[in-house]
Amino acid sequence: MRRVLGALALSVSVVLVPVSGTAVAASPPHTVLTDGAKLANVKQAIRSGHATKAQRDALKAVLDKANTALTAGPWSVVDKPSAPPSGDKHDYTSQAPYWWASRPKTPENPQGCPYVSKDGQRNPEADAITDHTYRMWAWDAMYYLSLAWYYTGDAKYAKRAALDIRTWFLDPATRMNPNMTYSQIVPCRDTVSGTGIIDSTQSFSQLMDAFALLDGGAPGWTGTDRSRIKAWLTRYLSWMQTSPQAKLELAATNNHGTFLDMQNATISAYLGKRSEAKKIVLDAEQKRFPVQFAADGSQPLELSRTMSWHYVNFNLTAWGRLAEVGKNLGVDVWKYRAANGVTLRKVVDQLIPAALHGAPAWPHQQIGVFDQSIAADIFHAAAEEAHDADAAAALKQMPLPAGGDTWPVRVSCFPLDPPLK
């Protein structure tokens, strides 16, 4: 079985391609989410030997993931065991994770229809369709390999990233069709639903930065590759704005709507449609703040879930990324104040007690593991972009991600969709 990116590779030394002569400041990459100037400053610190311990530790964690990705994959949607209703294995397919058979499976009712929702309880049947898992592994690999190439200059990372991208998106024999029509299908039902789009929106935006980093002259990533991925993205964006599923998801008032706005803004920005991307961010502020955030900074729609701690952080991941792409478009989401007085900083600060003290400080339902560390990225973002001293102080006291806090070299909010073991 292919190895999972979450499993760390053997300890490796950080090797940077030598730079002759006097060290010069690195030119900022044209990243879509991440502040390119911040990445360039980190790169310069690493190459000049002035990186902080946090940056060195974070780079090692990134390279561990990238080294694992060198021999994992490549992955493809056509590797799934059966075709979706379209009959075309190139269509991404997954099963809704929180839906379960309500009756015993018998020869007369082999699926146990009808299926019913059990919020937060993942049905292991969903793992039989491999696209969901392979998508997580592949997209994480593309991102970490591209970031590793940017920092080290080692061609092996760029070439492997290019192979993974071509396999998933571009090669005729293995590529994914640019739609999510059959994402999170519910057995026994054939109604149109937009909720499955979350399979894409929760983590697809990271690839815009991966593509942007590779566009900066990465070996193995050609002008033809760049043109072809932009053509694929153009078709994908159109589906994400005009399909029946997308229209339903855009109307969603909770995290689903936030993530689709954020994804469409990042794709538009990468494609050079800056005015369209900026409008998406501005509209999201005005449309979603009043619905999602109460005056006290709570998130009623996410607090109603059985995994409320996960979902309030999940939604804030989307907002953190909207703020990141907004910054690169001249929109400061952190400064936006809704009519009820709420700001993004106030929403983030609502999470500090639970991040510090765990479940006893969280008076809402959270089935399963209470992972305090998932608030780390949005706290980093609040500390740096909103000058939130409380979030900065919390970061020094709360548990950080078990695999290492890679924010110091990513400087961007990362999806809360870890590779499955």
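**A close look at Asn313 and beyond**

Modeller: Leaving aside residues up to four places away in sequence, Asn313 touches Leu351, Ile374, Ala375 and Leu416. The model is a predicted one, and what follows should be read with that in mind. Asn313 belongs to helix H12, and because its relative accessible area is 2%, below the 20% cut-off, Asn313 counts as buried. For a sense of scale, the C-alpha atom of Asn313 is separated by 27 Å from that of Ala37, a residue 276 places away along the chain.

The next step is to the aromatic rings, of which a search of the whole structure finds 24 pairs. One of these pairs joins Phe169 and Trp232, whose ring centres are 4.8 Å apart and whose planes meet at 70°, so the arrangement is edge-to-face. Since Phe169 sits in helix H4 (residues 155–170) and Trp232 in helix H7 (residues 223–242), the pair ties together parts that are 63 residues apart in sequence. Phe169 counts as buried because its relative accessibility is 1%, and Trp232 is likewise buried, at a relative accessible area of 6%. A further edge-to-face pair is made by Trp309 and Trp362, with 5.0 Å from centre to centre and 75° between the planes. This pair brings us back to helix H12 (residues 308–328), which holds Trp309, while Trp362 lies in the loop between helix H14 (352–357) and helix H15 (376–385), so that distant parts of the chain, 53 residues apart, are linked. Both of these tryptophans, Trp309 and Trp362, are buried.

Phe169 and Trp232 also belong to one aromatic cluster, whose other members are Trp139, Trp168, Phe204, Phe211, Trp221, Tyr236 and Tyr270. Over the face of Tyr270 lies Lys230, at 5.2 Å from the ring centre, and elsewhere Arg305 lies over the face of Tyr311, at 4.0 Å from the ring centre.

The structure holds one disulfide, which joins Cys113 to Cys188 with an S to S distance of 1.9 Å. The torsion about the S-S bond of Cys113 and Cys188 is about -80°, so this disulfide is left-handed. The pair links distant parts of the chain, 75 residues apart: Cys113 is in the loop between strand E2 (99–101) and strand E3 (115–117), and Cys188 is in the loop between strand E4 (182–185) and helix H5 (198–201). Cys188 counts as partly exposed, because its relative accessibility is 36%, whereas Cys413, at 1% relative accessibility, counts as buried.

How values were computed:
Residues numbered from 1 in each chain as written. Predicted model: local features only at pLDDT ≥ 70, side-chain atom pairs only at ≥ 80, totals over all residues. Heavy atoms only, no water. Disulfide = S-S within 2.5 Å. Helix = DSSP H or I, 4+ residues; strand = E, 2+ residues; numbered from the N terminus. Buried < 20%, exposed > 50% of the residue type's maximum accessible area, 1.4 Å probe, protein only. Phe/Tyr/Trp six-rings, centres within 6.5 Å; stacked < 30°, edge-to-face > 60°. Lys NZ or Arg CZ within 6 Å of the ring centre and 35° of its normal. Contact = heavy atoms within 4.5 Å.
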